[in-house]
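Subject: Handing over a structure, with notes

Dear colleague,

I am passing the structure below on to you, together with my notes on what was found in it. Please read the notes with the structure open beside them.

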Amino acid sequence: MSFTVAIIGRPNVGKSTLFNRLVGQKLALVDDLPGVTRDRREGEARLGDLEFTIIDTAGLDEGAKGSLTARMQEQTETAIAQADALFFVIDARAGLTPTDRAFADFARRANKPVLLVANKSEGKHGDAGAMESFALGLGDPIQISAEHGEGMGELYDALSEIIPQTPDDDEVEDDEPESEEEAAKRPIRVAIVGRPNAGKSTLINHLLGEERLLTSPEAGTTRDSIAVEINWKGRDFRVFDTAGLRRRSRIEEKLEKLSVADALRAVRFAEVVVLMMDTQNKFEEQDLRIADLIEREGRAVVLAVNKWDLMESKGGGAISNLRRDADHWLPQLKGVPIVAVSGLMGEGIDRLMTAVQDAYAIWNRRVPTSALNRWFEQAIQANPPPAVSGRRLKLNYITQTKARPPSFVLFCSRADAVPQAYLRYLTNSMRETFELPGTPVRITLREKANPFAHKRKRLS
């Protein structure tokens, strides 16, 4: 079982910077503004030969019961309960504060090993604050600079004394190549995206059956892209909650820019993207922009219309209208699955997860070469390519080069002259024939080599 360490401390002492240093990636958002981190984030950390799970937490702070600050502290308390040890981080340059002293008592009552980490100790400016920290009664401070990587050796020495010993490398069996069965059991990576306050975190909390992610009527509660593991009816998923995506012209604050960039990274890392829309304001311009972004990234797409419990009329006509609107506004994703859900009430969750698995299967689909050739001949016969500048286009053959998403190469005589309208015809015909609804389909044009080109050069 993995050893787990939670990073705790008051706001803006560098907890997320230390988290990023230990996981080796800039996963957590970092800014000079206090209180950037709100949800707890887990990652696989490595320090020398020590491997463990690290949890980044919101800054310990006092808040009224039921407030966002109080619920952030509840998330931190949950992380402490899950952890085997704690990194209590202070700002060595600022010295001890009354908040540090109050929460040092809180950490002591957790009855778990605590390492006192004096961050921002680069140079001589942090020595005084580090000396002050002896008064906390948490042992000798470990002076580090998470931003510059200083003091990691001392942190390694202290952590190695409390972390359980693992078997030597020569005693561990070599990893065998992943089989197809193992690949099929791998968690499906799913990103939940949408405009602010569409209900993304509420939906994930219902899937988990716990208040894992902070939710609030106020838009913009989620900042980091948080990954959670979900098992739904025997199938594993790794689901990413993301910050709401607003129009670029409305994004002014640096912190929101970082949140949006983090959400876009989650889309690129995902295999299936669920675009959540508010049932009261669906298919707005920003929804269409996000859908187009997902299609350009080549990810499988599922549309989820949330807050369906607020709809007065929920008959079959309402679902048919959703289907018609989706095909009208998103022709590049014709046939994309669309599901009406209520993240708060749990309506439509089964249908949504089924749609995610179906979209993932289609995204991985390979078309047999023989069937592809038969379709290609029939498609050209039914609608021959147009003549361009008085010259007929020759489409020779097509082949699938890869899946994820389904991608094809079409060999032809003049690649630059093939109209986009004809490519859309081939794409839509392929979707219908091979049942590829909603998933991005890539057709790349390539000119076939002319065997008589060298003779032309000789004549000239």
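What percentage of the 460 residues in the protein do buried residues make up? The share is 49%, and please keep in mind while reading that this is a predicted model. The protein contains 14 helices and 15 strands, and its accessible surface comes to about 23700 Å², with 48% of that surface belonging to carbon and sulfur atoms.

Helix 1

Helix 1 covers residues 15-23, and because 7 of its 9 residues are buried, it is largely enclosed by the rest of the structure. The buried residues in question are Lys15, Ser16, Leu18, Phe19, Asn20, Leu22 and Val23. They pack against strand 1 (4-8), strand 2 (41-47), strand 3 (50-56) and strand 4 (85-91), and also against helix 5 (152-160). After helix 1 comes Gly24, which has a positive phi, near 80°.

In the loop between strand 1 and helix 1 you will find Asn12, whose phi is positive at about 65° although Asn12 is not a glycine. With a relative accessible area of 31%, Asn12 is partly exposed.

Helix 7 and its contact with helix 11

In helix 7 the buried residues are Lys200, Ser201, Leu203, Ile204, Asn205 and Leu207, and these pack against strand 7 (188-194), strand 8 (226-232), strand 9 (235-241), strand 10 (272-278) and helix 11. Helix 7 is followed by Gly209, where phi is positive and near 80°.

On the side of helix 7 the contact involves Leu203, His206 and Leu207, which meet Ile349, Leu352 and Met353 in helix 11. By class, the residues of this contact divide into 5 nonpolar, 1 polar and no charged.

Aromatic pairs

The count of aromatic pairs comes to 7. One of them is formed by Phe103 and Phe106, whose ring centres are 6.3 Å apart and whose planes stand at 90°, so the pair is edge-to-face. Both residues belong to helix 3 (residues 98-109), where they are 3 residues apart, or about one turn of the helix. Phe103 has a relative accessibility of 7% and therefore counts as buried.

The rings of Tyr397 and Phe411 have their centres 4.6 Å apart with planes at 25°, so this pair is stacked. The pair links distant parts of the chain, since Tyr397 lies in strand 13 (residues 395-402) and Phe411 in strand 14 (residues 407-412), 14 residues apart. Are these two residues buried or partly exposed? Tyr397 is partly exposed, with a relative accessible area of 35%, whereas Phe411 is buried, with a relative accessible area of 13%. Ring pairs also link Trp375, Phe376 and Phe434 into a cluster.

Backbone geometry to check

Most residues other than glycine have a negative phi, and most peptide bonds are trans. Against that background, a cis peptide bond joins Arg404 and Pro405, with omega at about -5°. Pro405 is placed in the loop between strand 13 and strand 14, the two strands that hold Tyr397 and Phe411.

Lys120, a residue other than glycine, has a positive phi near 60°. Its place is the loop between strand 5 (114-119) and helix 4 (127-132), and Lys120 is partly exposed, with a relative accessible area of 23%.

With best regards

Methods:
Residues numbered from 1 in each chain as written. Predicted model: local features only at pLDDT ≥ 70, side-chain atom pairs only at ≥ 80, totals over all residues. Heavy atoms only, no water. Contact = heavy atoms within 4.5 Å. Helix = DSSP H or I, 4+ residues; strand = E, 2+ residues; numbered from the N terminus. Nonpolar A, V, L, I, M, F, W, Y, C, P; charged D, E, K, R; others polar. Buried < 20%, exposed > 50% of the residue type's maximum accessible area, 1.4 Å probe, protein only. Areas by Shrake-Rupley, 256 points an atom, 1.4 Å probe, with all protein chains shown as cover. Phe/Tyr/Trp six-rings, centres within 6.5 Å; stacked < 30°, edge-to-face > 60°.
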